Amino acid sequence: MAAITTTVPQVVLQSSTGQRRMPVMGLGTAPEAASKVSTKDAVLEAIKQGYRHFDAAAAYGVEKSVGEAIAEALQLGLIASRDELFVTSKLWVTDNHSHLIVPALQKSLRTLQLEYLDLFLIHWPITTQPGGVKYPIEVSEIVEFDMKGVWSSMKECQRLGLTKAIGVSNFSIKKLEELLSFATITPAVNQVEVNLGWQQVKLREFCKEKGVVITAFSPLRKGASRGENLVMDNDILKELVDAHGKTIAQICLRWLYEQGLTFVAKSYDKERMNQNLQIFDWSLTEDDYKKISEIHQDRFIKGPTKPLLNDLWDEE
């Protein structure tokens, strides 16, 4: 029996080459130690289910697996061409130097076995000494972030056709204002943490006004392996689960969709992958919104450095 695939709605990235359309929901591929399923198998399964947007990064160490899955999906006829997919990757802080950016993207493309990306993001507004990926980032390794030089090289990546769109990740309003003060190409996307426990109202309003699409990462906040979850263990949301007959994850993702956001959900579990797609044919109520507005707010991802930087979020 052929699998029934869900068609995910799309948004147009305004500053992209050829007005590229991005599916509002993607599969996140950041590594999860507890996962028993390989990234390659998860991406293949996701394509079978109807996912067409895949979010990777040089620092995740998954680009090879994502590329292998895409090659196999083409071979199996699950997709007719690579153009049916939307693939994002991100520039790591060690390559956040104007002269290293084009080579870093070329390396990612070789690893992914792709001719182009759909979206290339600056992973963090931080630059460190060139070298290998280390996490957390040692503060002693940090050097000045040359935003103008870096963005100029990102534009060059788009001009060369190595990516259809360029954007940023983890940028505050203040950092976006600085970028927009000189950028001739507006970042197509700002990928940031947004979830019911960190709703980011001001940043969302700012990005909407400037034509920057927000992609939410950690839309369910976190996996169970990291202790109590302000979202998944939330009593208010448990009430909504009973009222709608949906899972907490579905409530969270539906809320993001109703806010006009795009998002990348990370699950390699076949059933949960499928459940996450079932959010496009029902709605939250006004009463649900009242309850959601009462959820305690606290940023989950505080930053990638050790110790944390005081000015990373500009007190937003």
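Predicted model: local features only at pLDDT ≥ 70, side-chain atom pairs only at ≥ 80, totals over all residues.
1. Eight strands close into a barrel, and they follow one another in the order 3-4-5-6-10-11-12-13 with parallel pairing. Within this sheet, neighbouring strands are turned against each other by 25 degrees on average, with direction ignored.

2. Strand 3 and its two partners. Strand 3, which covers residues 25–28, runs parallel to strand 13 (residues 262–265) and is joined to strand 13 by three bridges; here leucine 27 has alanine 265 as its bridge partner. Strand 3 also pairs in the parallel sense with strand 4 (residues 53–55), over two bridges, and in that pairing glycine 28 stands opposite aspartate 55.

3. Strand 5 and strand 6 run parallel and are joined by four bridges, with leucine 91 standing opposite isoleucine 122 of strand 6. Helix 4 (residues 147–159) lies across strand 5 (86–91), strand 6 (119–122) and strand 10 (166–169), and its direction makes an angle of about 140 degrees with strand 10.

4. Strands 11 and 12. Strand 11, residues 189–193, pairs with strand 12 in the parallel sense over five bridges, and valine 192 stands opposite alanine 216 of strand 12.

5. Arginine 221. This residue is placed in the loop between strand 12 (213–217) and helix 7 (235–244). Is arginine 221 buried or exposed? Its relative accessible area is 4%, so arginine 221 counts as buried, the limit being under 20%. Two polar partners can be named for its side chain: the side chain of asparagine 195, with which arginine 221 makes a polar contact at 3.2 Å, and the backbone oxygen of aspartate 298, which lies 2.5 Å from a polar atom of the arginine 221 side chain. Leaving aside neighbours within four places in sequence, the residues in contact with arginine 221 include Glu193, Gly197, Trp198, Asn229, Leu230, Val231, Arg299 and Phe300.

6. Leucine 196. Leucine 196 is found in the loop between strand 11 and helix 6 (201–210), and it is buried, with a relative accessible area of 1%. When neighbours within four places in sequence are left aside, leucine 196 is in contact with Val231, Leu237, Cys252, Trp255, Ile292, Ile295 and Gln297. The C-alpha atoms of leucine 196 and asparagine 234 are separated by 9.9 Å, while these two residues are 38 residues apart along the chain.

7. Serine 108. In helix 3, serine 108 is buried at a relative accessible area of 4%. The side chain of serine 108 makes a polar contact of 2.7 Å with the side chain of glutamate 63; not counting residues up to four places away in sequence, serine 108 touches Ala58, Glu63 and Ser89.

8. The structure holds four aromatic pairs. In one of them, the rings of tryptophan 92 and tyrosine 135 have their centres 6.2 Å apart and their planes at 40 degrees, so this pair is classed as tilted. Tryptophan 92 lies in the loop between strand 5 and helix 3 (101–112), and tyrosine 135 in the loop between strand 7 (127–128) and strand 8 (137–138), so the pair ties together parts that are 43 residues apart in sequence. Tryptophan 92 is buried, with a relative accessible area of 3%, whereas tyrosine 135 counts as exposed at 56% relative accessibility.

9. An edge-to-face pair. Tyrosine 257 and phenylalanine 280 form an edge-to-face aromatic pair, with 5.0 Å from centre to centre and 85 degrees between the planes. Tyrosine 257 belongs to helix 8 (residues 248–258) and phenylalanine 280 to the loop between helix 9 (270–277) and helix 10 (286–292), so that parts 23 residues apart in sequence are tied together by the pair. Tyrosine 257 is partly exposed, at a relative accessible area of 26%.

10. Charges over rings. The charged end of arginine 82 sits over the ring of tyrosine 116, at 3.9 Å from the ring centre. For arginine 254, the charged end sits over the ring of tryptophan 282, at 5.9 Å from the ring centre.

Notes:
Residues numbered from 1 in each chain as written. Heavy atoms only, no water. Buried < 20%, exposed > 50% of the residue type's maximum accessible area, 1.4 Å probe, protein only. Polar contact = N/O pair within 3.5 Å; in protein donor to acceptor, adjacent residues only side chain to side chain. Contact = heavy atoms within 4.5 Å. Pairing = 2+ DSSP bridges. Axes fitted to C-alpha atoms, helices over the stretch in contact; angles between N-to-C directions. Phe/Tyr/Trp six-rings, centres within 6.5 Å; stacked < 30°, edge-to-face > 60°. Lys NZ or Arg CZ within 6 Å of the ring centre and 35° of its normal.
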